[in-house]
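This briefing is meant for a reader who is meeting the structure for the first time.

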Amino acid sequence: MSEAPRNATPDPGDTARAARGGWVEWLERRINLSELFSLITHFGLVYTPVDTRKPLREVLREIGSLPVTAYARWPQVLGVLAALLFALQTATGVLLAYYYRPTPEAAFESTRTIVRDLPSGWFLHEMHAWGAYLLVAVVALRLMRLFWDGLYRAPRELLWFAAVAMAWLVLQMDFTGRLLTWNAQSYWSTVRGMEVVWALPVAGPILAFFLGGRVVNEDVLIRFYVLHVIVLPAFYAACIYVTFGTLRRVGLSYPSAAGARVVTSFRAHLVDLLILTVLLFAVLVTLTTLLPFGFLAPADPYTTPAGVRPPWYMLATYALLQRAPVPMWLSGGVMLAAAFGVLLLPLWVRGDGGPRHLRRTRLWGVVALAVWIVLGILGATLDRP
Amino acid sequence: MSARPIVRRSASRLHRHAAVALGLLAAAAAWAQPGARPAPTPQPGALSPSAGRCGVCHPAERVKFDASQHAHEGVRCTSCHGGDDRSLTIELAHGGNFRGRTARKDIPALCASCHSDEKMMRAYNLPVDQYAVYQTSVHGQRLKRGDTAVAVCSDCHGAHDILGPGDPASRTFAPNIPATCGACHGDTTLMRRRGVKDAYREYLSSIHARELLDRGNLRAPTCVSCHGVHGAAPPAVGDVDKVCGQCHTAERRYFAASAHIEGMRRAGLPECSSCHGDHAIQAAQPERLATSCAQCHAADSDQAALGAKLWTEYRAAAAEIEKADSLITRADAIPIQTDDYRARIEQARTYLREALPAAHSVDPVIVGGFTLRARSVGSEVESEIYGKLGNLRTRKFVLILFWFYVLVTLAILRRLRYRTAKAH
């Protein structure tokens with residue numbers, strides 16, 4: 001097949017092939033391939049409606065030569081990575097779920113079987129773990145970037161809500177996922193994390209109820225498993241769908257630099273995405289092979305190993321709960337208010353969106369981040385049995 | 001008709017008499033049944049079911065006796081001392097067949113009057129040969145010769161406060177036995193006068209005593225485990241390996257097959273204790289292989305060289321096992337399947353452990369059989385784990401190939417991208 005698009009005149013070679021009857025044409029005579037293909041326009045991947053009366057090859061050629069705003073590059077690449085990494089996590093996660101058994105007796109054993117005894121099981125396990133790390137980093141960076149560029153203002157509120165929800169969901173997937181291996185560190189880290197969850201006023205007890213109670217036992221494990229493999233990924237997928245759909249309506253954003261908009265053909269853009277995927281995969285494989293996570297002892301609910309802390313994104317709340325000289329509900333409430341404050345940013349940030357307003361908001365954001373980091377460091381130095 | 005009131009009257013009289021009789025019976029029952037009254041606190045002077053009225057004048061003895069096994073089994077003061085324990089006057093109480101304090105030389109016979117009675121002891125499943133056995137002991141022999149400063153029954157069992165050997169408060173409860181024997185055998189002047197060594201302190205420094213007294217291991221040997229209980233005597237040359245071999249069976253088996261046993265008996269050397277000492281026995285130290293031989297044989301003799309060789313082999317095997325063990329720990333953390341290796345290392349440790357008893361055979365073929373086997377299992381495990389660790393290096397090598405492939409793919413895609421953009 002020819003790589004270069006020739007949208008001007010029908011290629012005589014193509015017509016000849018059609019007459020000879022390739023397999024695409026063979027199918028085309030029986031079903032409307034273009035109609036089937038037009039499904040992908042629903043996901044916002046293709047920006048134009050598809051003329052379903054034309055044959056598929058022609059449709060593809062037309063779409064391929066459409067001018068699109070490229071987004072497989074900085075800074076929009078963070079959103080693409082959030083979707084790509086999620087796809088990768090789904091693939092490795094499904095394969096891991098074939099062997100994983102979510103009971104306290106079997107969880108560690110089955111994980112060890114995957115890592116130690118299955119061919120390439122270690123690879124899947126480590127890919128999933130490193131993918132999770134990168135995904136957390138990507139959604140966090142993406143949120144910061146959106147904030148920095150003021151992309152929570154009309155008409156992009158829905159994108160902001162979806163981005164915050166994605167960040168929350170990724171952290172929850174991380175929190176629920178790390179318990180599943182049921183090793184000493186992950187178990188006790190979850191125990192500390194549940195203390196933080198429990199301390200949140202109103203929301204804490206409700207969440208803890210849905211997570212299976214305060215004590216980390218078999219009930220909590222099975223709930224975490226269900227949340228991790230079904231509920232949270234479904235919501236995350238919904239967020240991706242909302243993001244793509246909304247982007248299709250409001251368009252990509254280029255507020256920071258006037259010349260940043262790059263228009264290219266859709267075909268070239270697809271190649272860019274492919275290159276990005278290959279690079280991402282290569283980086284993950286490298287991390288997986290060179291820096292595998294160690295494999296720790298199984299969890300023992302009666303022995304606390306030294307230096308146990310909640311997951312890093314809970315450290316700030318943890319420090320506040322453990323050290324702040326205020327009632328627990330108050331420090332929990334502050335953190336809850338902060339979380340919802342970020343979500344509802346479009347509601348309370350007023351102003352014209354001009355450079356002065358943007359600078360002021362950025363300053364507030366940087367101060368809040370600094371406080372959060374300092375609290376987090378404080379939480380990391382807390383060591384209690 | 002007229003008989004009726006008479007009958008009624010006599011019946012009422014009968015009732016009255018019956019009531020009085022019943023009251024008396026109840027009182028008697030209450031008096032006779034200790035359980036019917038509140039639990040008696042030992043009141044010196046009060047009437048005791050076991051001590052009778054003896055405690056009125058002998059309160060200290062009565063309190064001790066009431067707590068003893070004898071009191072529990074219905075033995076009374078009069079069983080040993082004679083007299084009448086229901087009397088309150090000295091003349092009557094100490095009258096009749098009263099024997100008073102039994103002389104030391106007569107104590108074994110007195111105890112034997114019951115304890116050698118098969119009919120009496122059968123219900124308690126107690127042996128009845130203690131008296132006969134005692135008479136064969138060094139204690140019994142000396143007593144027979146008129147030396148009354150030797151152990152008689154009451155020295156070890158107590159006089160009034162006798163308890164069974166299963167009672168932790170008893171003098172004959174295993175951890176209390178060294179102190180019981182040590183009461184005399186730790187008395188240096190008493191022992192020196194009889195030419196007996198002060199074994200008590202030596203024993204306290206031994207591994208046996210540490211096991212028994214510090215770690216509470218009731219199976220550790222006390223004095224009586226080696227010397228006998230009632231027939232206490234030091235084991236003779238030729239018997240030492242039998243005594244030690246009660247527990248150290250493997251050592252005894254190898255020793256019995258060795259060249260040592262004949263030579264040592266001829267030279268009058270006690271078997272085990274010539275190398276290990278008698279009472280101050282220490283834990284098995286493999287490094288003694290290197291030094292023990294030179295204690296009797298010349299330092300440059302073949303025998304001393306053999307000992308050094310055994311020690312070298314043992315040490316090499318132990319080092320190999322330790323190395324394999326640390327490799328397993330490393331492999332576990334990766335993780336690599338190590339369950340099989342752990343089992344094999346345990347097997348190697350078992351071989352090595354058996355090399356120590358086998359060393360009593362002083363046969364390099366037998367000992368080497370164990371140490372070399374232990375060593376080869378260790379090195380097999382080691383090389384297999386090294387092989388698996390090598391797989392990790394393969395992973396890194398594959399990573400290089402993978403990156404080569406990625407770069408080629410990227411180059412192709414880049415070219416495709418360029419051509420696409422140009423065409424556009």
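In this predicted model, the largest nonpolar core has 56 residues, and those with the most contacts inside it are A:Ala82, A:Leu85, A:Ala163, A:Met166 and A:Phe224. At least two residues of this core come from each of α5 (77-97), α6 (107-117), α7 (121-148), α8 (157-180), α9 (184-199), α11 (218-250) and α13 (315-323) of chain A, and the largest share, 12 residues, is supplied by α8(A).

**Nonpolar cores**
- Leaving aside residues up to four places away in sequence, A:Phe224 touches A:Thr176, A:Leu179, A:Leu180 and A:Leu211.
- Another core, of 26 residues, lies apart from the largest one, and B:Leu327, B:Ala348, B:Val377 and B:Val381 are among its residues.

**Packing of α7(A) and α8(A)**
- The two helices α7(A) and α8(A) pack with their axes 10 Å apart and at an angle of about 155°; because angles over 145 degrees count as roughly antiparallel, α7(A) is roughly antiparallel to α8(A).
- The crossing of α7(A) and α8(A) is left-handed.
- Residues that make this contact include A:Leu135, A:Val139 and A:Arg142 of α7(A), together with A:Ala163, A:Met166 and A:Asp174 of α8(A).
- By class, the residues of the contact between α7(A) and α8(A) are 14 nonpolar, 1 polar and 2 charged.

**Contact between chains**
- Between the chains, 21 residues of chain B are in contact with 23 residues of chain A.
- The side of chain B that touches chain A is made up of 13 nonpolar, 4 polar and 4 charged residues.

Technical notes. Residues numbered from 1 in each chain as written. Chains lettered and ligands numbered in written order. Predicted model: local features only at pLDDT ≥ 70, side-chain atom pairs only at ≥ 80, totals over all residues. Contact = placed C-beta atoms within 7 Å. Nonpolar A, V, L, I, M, F, W, Y, C, P; charged D, E, K, R; others polar. Core = buried A, V, L, I, M, F, W, Y, C linked by C-beta atoms within 7 Å. Buried ≥ 20, exposed ≤ 12 C-beta atoms within 10 Å, placed from the backbone. Helix = DSSP H or I, 4+ residues; strand = E, 2+ residues; numbered from the N terminus. Axes fitted to C-alpha atoms, helices over the stretch in contact; angles between N-to-C directions. Parallel < 35°, antiparallel > 145°, perpendicular 65-115°, else oblique. Left-handed = near helix turned anticlockwise from the far one by under 90°.
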